[in-house]
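Hi,

Have a look at the fold before you read on.

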Amino acid sequence: MAPRAYWKGTLKLSLVSCPVVLYPATTAAEKTRFHMINRETGNRLKQQMVDADTGDVVESDQKGRGYELRKGKYVEIEPEELEAVQIESNHTIDIESFVPSEEIDQRYLNHPYYIAPEGKAAVDAFAVIRDAMKDQDRVALAKIVLTNREHIIAIEPLGKGLLGTTLRFPYELRDEDQFFDDIKGPKITKDMVELAGHILRTTAAHFDPSKFKDEYETALKALVKRKASGKTIELPEPEERPSNVVSLMDALKQSLKGRGGKKTAAKSHARRATGRQRATKKTQRATARHRKVG
């Protein structure tokens, strides 16, 4: 079954436009989910809205939306009043500008979507926009209305299609200073930094998400399978945390040793020794030639 489009509309670059569809690039369908059940009957529970003060169940026709002005004081907003400020979608992604990808702060990235052409007639125009973006090596910025809210979306080529990622607005980001201001500036020796650098180099790799393993999800599936088959679940013994305090320098040295630091140091030492031997032999040959000429 073909995936269902999340959004349909038009992608525009100046006077060039083509029909496109958006698909969510992520899914949580494979994650293990639990429902609340009644322990006595085994039946699933349902949630109800209850008045916080009276405890009475509130029927659907009594539910409303309110904004809390101060503790316990709300101003009620009617549905038609909300509709008055909702942005009507024109179902158009109108590209406004192109920016270097490295200028986009990673904290602004929100939800990713796949953008594909809708229908055979849209393929040519879609390919022109996609390939032009490849040549420029820039990310397009545009506006899009999703679920009655306007979003900024960053668009870039991805294989045969495009990847669109909605961006957060500045007011949605917390200022890092409130979290980092209290971090002290301790004096770190050069040796410590160099040792840490060695550890970084021994763990250098390339980004490969296929190596990411959700061990908790795997354990959940195994738990459900064992429980459903009637097997008992044995609780593991709690691990004892090491109480010994190791100095930062010792921890760095042990980390380096554990990651083949000795081997790296030995290779480095061997290279230096080989270099000295070559230099000595070169000097000896030069001296011999000088003596022969003399």
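Two strands count as paired if DSSP finds at least two bridges between them; helices (H or I, at least four residues) and strands (E, at least two) are DSSP runs numbered from the N terminus. This is a predicted model, where local features need pLDDT of at least 70 and side-chain atom pairs count only at pLDDT 80 or more, while totals for chains, interfaces and linings use all residues. Residues are numbered from 1 along each chain as its sequence is written, and side-chain values use heavy atoms, with hydrogens and water left out.

Seven strands form a closed barrel in the order 1-2-6-9-8-7-5, with mixed pairing. On average, neighbouring strands are turned by 40 degrees against each other, direction ignored. Helix 2 (residues 123-136) packs on this sheet and touches strands 1, 2, 5, 6, 7, 8 and 9, where contact means heavy atoms within 4.5 Å. The direction of helix 2 makes about 85 degrees with that of strand 2 (axes are lines fitted to C-alpha atoms, for helices over the stretch in contact, and angles run from 0 to 180 degrees between N-to-C directions).

Now the pairings. Strand 6 (109-117) and strand 9 (161-167) are antiparallel over five bridges, and Tyr113 stands opposite Gly164 there. Strand 9 also runs antiparallel to strand 8, with seven bridges, among them the one between Ile153 and Thr166. Two residues lie between strands 8 and 9 in their hairpin, where Gly159 has a positive phi near 60 degrees. Strands 7 and 8 are antiparallel too, joined by seven bridges; Leu146 faces Arg149 in strand 8, and in the two-residue hairpin Thr147 takes a positive phi near 45 degrees.

Then the pockets (on a 1 Å grid over the protein atoms alone, open sets of points where a 1.4 Å probe fits, with protein on both sides within 12 Å along at least five of seven lines; lining residues have an atom within 4 Å of a point). The largest pocket holds about 440 Å³, a volume being the space filled by probe spheres set on the points, which are joined across faces, edges and corners. Of its 14 lining residues, Val50, Asp51, Ala52, Val58 and Tyr74 are the closest to the centre. Strand 4 (73-77) gives the largest share of that lining, three residues.

The second largest pocket has about 210 Å³. Its lining includes Thr147 and Arg149, and helix 1 (79-85) and strand 8 each supply at least two residues.

Best wishes
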